[in-house]
Structure formats: C-alpha cells, structure tokens
Amino acid sequence: VPELRLRPGFNRHQVLSFSDEPRSLQREARLLRRVAHDRICRLYEHHVSADGRLFGMMLELLEMGSLSQRIRDSTDGRIDEFEVVQMSFDVLAALQFMHEKKVIHRDIKSSNIMLTERDGRTIFKLIDLSVAAVEAEARESVSQTLATGTTSLKGLAGTPHYMSPEQFDSDIAVSVQTDIWSLGVVTFECLSGVLPFAATEH
C-alpha cells in the first residue's frame with residue numbers, strides 16, 4: 001500500500017485530498033501555488049508516495065460548505081441579494097488575481113465556491129483547479145482534456161450548464177472572459193434559484 005508522510009500538526013483547519021492519479025493532482029498543486037490568494041482555497045503542502053502511485057494535498061478546510069449547498073438549503077432556492085454581492089466581490093477578486101497570473105479557471109460553478117467565516121463575515125473562496133489552464137495552454141489546444149473526472153466532456157473542460165459558448169467550440173481559444181461568463185451564470189442561479197440554460201443538448 002503506498003504511504004504518504006505528511007508533517008505533524010494536522011489540525012481542524014486543514015483537510016487531506018488524495019488521488020491515485022498523481023500527475024493530475026500535482027499539476028493542480030502547482031497551479032494553487034501559483035495563484036495563492038486569500039479568496040482561493042489555500043494549499044498547505046503536498047506529497048507523493050515513494051513509488052509515485054499516490055499523491056496527497058493538505059488543503060484549507062472551508063467548514064461552511066459550498067454555495068450550491070447554500071442555495072439548496074435556502075427556503076426558496078435563492079440567496080439574499082447582499083450576500084450575492086459579497087460573493088461576486090470575493091470571486092472577482094480571486095479571478096482578477098488568477099488572470100493576472102495568466103491562469104483561467106474554466107470551471108466556475110456554485111459547487112466550486114466554498115464558504116467560510118471570518119470576523120462574523122461570510123467569505124467566499126474558489127476551489128478545484130483540476131481543469132484550469134494557463135493562457136498559453138488554452139491557445140495551443142482548447143480541445144485537449146487537462147484532467148480526468150466528471151468535468152470532462154468529449155475533450156471539453158468545464159461543466160455544461162456553466163460553460164461559455166467558446167468552451168463548446170474547439171476552434172475558439174478560451175480566455176479570461178470564459179470565467180466571467182460562468183460567474184454570471186452563478187449570479188443568475190443565486191438570485192433566481194434556477195440556471196439560465198437548461199437544454200439537454202447543445
């Protein structure tokens with residue numbers, strides 16, 4: 001059984017993430033280091049097992065759950081307008097920093113926005129850079145799948161209901177505008193309780 005050795009001191013503010021696909025998770029860890037920001041889930045450390053078959057990351061624990069859960073738990077499926085404004089400011093701050101670092105998230109959605117609390121204020125943070133791309137990669141091959149999992153669809157990266165039009169077109173390179181489109185979908189979802197696009201095929 002592969003063994004990972006993490007430093008002592010693991011506490012209630014940290015959570016472990018493991019994968020038997022180390023290349024994918026190692027890439028995500030490198031991107032998390034590159035875009036370390038107060039509104040992006042913090043990476044504390046990462047390790048690979050001696051045989052290279054298992055990879056683990058120690059991440060910040062965001063104990064209040066996801067924005068999608070907050071929407072589901074609300075009485076009418078909608079979020080208070082003031083809280084939506086706070087969410088938008090927090091996520092835009094994260095995206096501005098990522099884009100300055102030439103990184104495109106490509107999978108902005110309510111389940112990838114987590115909540116925590118600081119000094120009595122709800123803080124919103126981005127997670128999951130598994131399909132993120134640096135701008136140069138996006139220009140070279142927008143149809144190449146950069147990670148495996150449910151967010152991969154026939155070589156396209158993202159989650160269909162939140163994807164921008166150019167994410168469906170392999171002839172158009174994605175850009176920072178892709179993330180802004182997806183955040184607009186999230187904002188619509190928060191305010192209305194439904195997704196703006198509900199087609200079963202495109």
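Rings of Phe, Tyr and Trp, taking the six-membered ring of Trp, form a pair if their centres lie within 6.5 Å. The views below show a predicted model.

**View 1. The structure holds one aromatic pair.** The partners are Trp181 and Phe197. Their ring centres are 6.0 Å apart. Their planes meet at 10 degrees, so the pair counts as stacked. Trp181 sits in helix H5, residues 176-192. Phe197 sits in the segment after H5. The pair therefore ties together parts 16 residues apart in sequence.

View 2. Trp181 has 35% relative accessibility, so Trp181 is partly exposed. Phe197 has 44%, so Phe197 is partly exposed too.

**View 3. The largest nonpolar core has 37 residues.** Leu67, Met87 and Leu126 have the most contacts inside this core. Several elements each supply at least two of its residues, among them helix H1 (22-34), strand E3 (55-60), helix H2 (67-73) and H5. Strands E5 (113-118) and E6 (121-126) do as well. Helix H3 (81-100) is another such element. H3 gives the most, with six residues. In soluble globular proteins, nonpolar side chains tend to be buried together.

**View 4. Met87 is shown with its contacts.** Leaving out residues up to four places away in sequence, Met87 touches Leu67, Ile113, Phe124, Leu183, Val186, Thr187 and Cys190.

View 5. Zero disulfides turn up in a search of the whole structure.

How values were computed
Residues are numbered from 1 along each chain as its sequence is written. This is a predicted model: local features need pLDDT of at least 70, side-chain atom pairs count only at pLDDT 80 or more; totals for chains, interfaces and linings use all residues. Side-chain values use heavy atoms; hydrogens and water are left out. Rings of Phe, Tyr and Trp (its six-membered ring) pair if their centres lie within 6.5 Å; planes under 30 degrees apart count as stacked, over 60 as edge-to-face and the rest as tilted. Helices (H or I, at least four residues) and strands (E, at least two) are DSSP runs, numbered from the N terminus. Buried means under 20% relative accessible area, exposed over 50%, partly exposed in between (1.4 Å probe, protein chains only). A nonpolar core is a set of buried Ala, Val, Leu, Ile, Met, Phe, Trp, Tyr and Cys residues joined through side-chain atoms within 4.5 Å. Contact means heavy atoms within 4.5 Å. A disulfide is a pair of cysteine sulfur atoms within 2.5 Å.
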